[in-house]
Amino acid sequence: MIPTLEWTDQGVRFLDQTKLPLEETYVLATSYQDVATVIRDMIVRGAPAIGVSAAMGMALGIQNSPSTTVAALSKDVDEMAKVLAATRPTAVNLFWAIERIRVLYYQLVDKQPTNLSEAEKIERIREEVRAEALRMYDEDIEACKTMGRYGAALLPKEGTVLTHCNAGALATCGYGTALGVIRAAVEAGHKINVLADETRPYLQGARLTAWELLHDGIQTSVLCDNMSGALMRKGRVQAVIVGSDRIAANGDVANKIGTYSVSVLAKEHGIPFYVAAPWSTVDMATKHGDDIPIEERSAYEVTHSNGKQMTPDGCGIENPAFDVTPAKYVTAIITERGVLYPPYDESMRAMEAAVKAEADGVPA
């Protein structure tokens with residue numbers, strides 16, 4: 001699989017996605033501050049990958065903390081969580097992962113034997129937090145493969161699938177969410193080719209989706225973001241599948257800017273519009289899409305291309321990183337726990353109850 005991120009003895013190693021597709025280079029983060037920079041600067045991106053990166057950042061920070069007492073380390077942990085949480089506001093996986101590590105950390109603090117020295121307690125905590133971050137990495141890959149199996153049956157046996165942005169191996173720890181479904185369908189014998197929206201202004205589709213699908217031998221064509229409607233009208237698109245950075249309790253979906261437009265076009269042309277995301281992307285505390293925070297990124301991403309200025313000085317710039325697709329445009333939401341169908345407020349509550357029952361050890 002494409003090595004999006006990796007825990008090493010020296011630190012966390014990231015494939016630099018800002019350099020793709022022309023350069024395959026890596027960045028080594030040796031502190032949690034480095035990991036925060038990697039996330040903020042989109043060296044790593046995609047909600048699942050951001051979440052696991054943050055977990056590894058927490059583990060790295062705890063490992064490298066100079067604190068000699070658990071009380072001092074706890075203050076460090078709270079600061080690590082604050083710094084990492086400030087990197088990208090829309091991807092709920094970021095906050096889910098940070099909280100999972102924080103909860104584990106404080107559970108470990110409470111259960112340390114009193115007869116151990118402070119140094120022994122800290123070392124045991126470090127080992128278990130690191131193990132948890134690595135476990136989250138493995139869980140992400142398995143979740144992607146499972147949702148791929150669930151979603152493959154929804155894609156056409158033969159035809160063209162359109163996707164927007166990059167929800168592939170590069171957006172996860174491996175395999176991918178939306179592209180994982182495409183991969184699974186191809187592995188199951190479906191004859192699928194892919195249309196990848198270029199995804200302005202950061203070109204995740206043109207740079208990343210095309211690169212990784214061609215890497216796997218899947219036929220892919222890149223189209224400008226404003227071309228999809230014309231191709232749909234000609235019958236060139238049989239299905240649309242995208243990922244998500246946050247899904248509200250009513251089924252509203254936040255994804256890369258431009259997704260909403262694609263969903264409306266798909267609805268108009270009678271084309272199924274699927275969303276593939278792990279359950280950790282579902283935010284039941286957010287009731288509807290209007291409450292999802294939308295990240296505003298630097299105007300430079302719009303005003304410049306490859307370092308060359310493309311707009312006149314003084315021109316106003318809008319650069320929201322995401323938009324919200326209302327649930328009414330979403331045909332189904334594919335997760336590693338199964339496929340959700342409308343009405344989403346009911347199907348997601350049922351899945352939430354099943355997840356909670358499993359966590360509590362209640363038989364299905």
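Predicted model: local features only at pLDDT ≥ 70, side-chain atom pairs only at ≥ 80, totals over all residues.
Residues are numbered from 1 along each chain as its sequence is written, and side-chain values use heavy atoms, with hydrogens and water left out.

**Pockets**

- A pocket here is an open set of points on a 1 Å grid over the protein atoms alone, with protein on both sides within 12 Å along at least five of seven lines, where a 1.4 Å probe fits; lining residues have an atom within 4 Å of a point.
- The volume of the second largest pocket is about 390 Å³, a volume being the space filled by probe spheres set on grid points that are joined across faces, edges and corners.
- Helices α2 (47-64), α4 (92-111), α5 and α11 (344-359) each supply at least two residues of the lining of the second largest pocket, and the largest share, four residues, comes from α5; helices (H or I, at least four residues) and strands (E, at least two) are DSSP runs, numbered from the N terminus.
- The lining of the second largest pocket divides into nine nonpolar, two polar and six charged residues, where Ala, Val, Leu, Ile, Met, Phe, Trp, Tyr, Cys and Pro count as nonpolar, Asp, Glu, Lys and Arg as charged, and the others, Gly among them, as polar.
- The largest pocket holds about 570 Å³ of space and is lined by 19 residues, with Thr-18, Pro-201, Tyr-202, Arg-207 and Asn-306 nearest its centre.
- Both α10 (300-303) and β12 (304-305) supply at least two residues of the lining of the largest pocket, which divides into seven nonpolar, six polar and six charged residues.

**Aromatic pairs**

- The structure holds two aromatic pairs, counted for rings of Phe, Tyr and Trp (its six-membered ring) whose centres lie within 6.5 Å, with planes under 30 degrees apart called stacked, over 60 edge-to-face and the rest tilted.
- Tyr-105 and Tyr-106 form an edge-to-face pair, 5.0 Å centre to centre and with 85° between the planes.
- Tyr-105 is buried at 0% relative accessibility, whereas Tyr-106 is partly exposed at 26% (buried means under 20% relative accessible area, exposed over 50% and partly exposed in between, with a 1.4 Å probe and protein chains only).
- The rings of Tyr-260 and Tyr-329 have their centres 6.2 Å apart and their planes at 65°, so this pair is also edge-to-face.
- This pair links distant parts of the chain, with Tyr-260 in helix α9 (residues 259-268) and Tyr-329, 69 residues apart from it, in the loop between β14 (322-325) and β15 (332-335).
- Tyr-260 is partly exposed at 35% relative accessibility, while Tyr-329 is buried at 16%.

**Charges over rings**

- Arg-13 lies over the face of Tyr-26, at 3.8 Å from the ring centre; the criterion is that NZ of Lys or CZ of Arg is within 6 Å of the ring centre and within 35 degrees of the ring normal.
- The charged end of Lys-256 sits over the ring of Phe-322, 4.4 Å from its centre.

**Sheet**

- Four strands form an open sheet of mixed pairing in the order β11-β8-β9-β14, two strands being paired if DSSP finds at least two bridges between them.
- The edge strands, β11 (282-283) and β14, each pair on one side only.
- Strand β8 (residues 246-248) pairs with β11 in the parallel sense over two bridges, and Ile-247 stands opposite Val-282 in β11.
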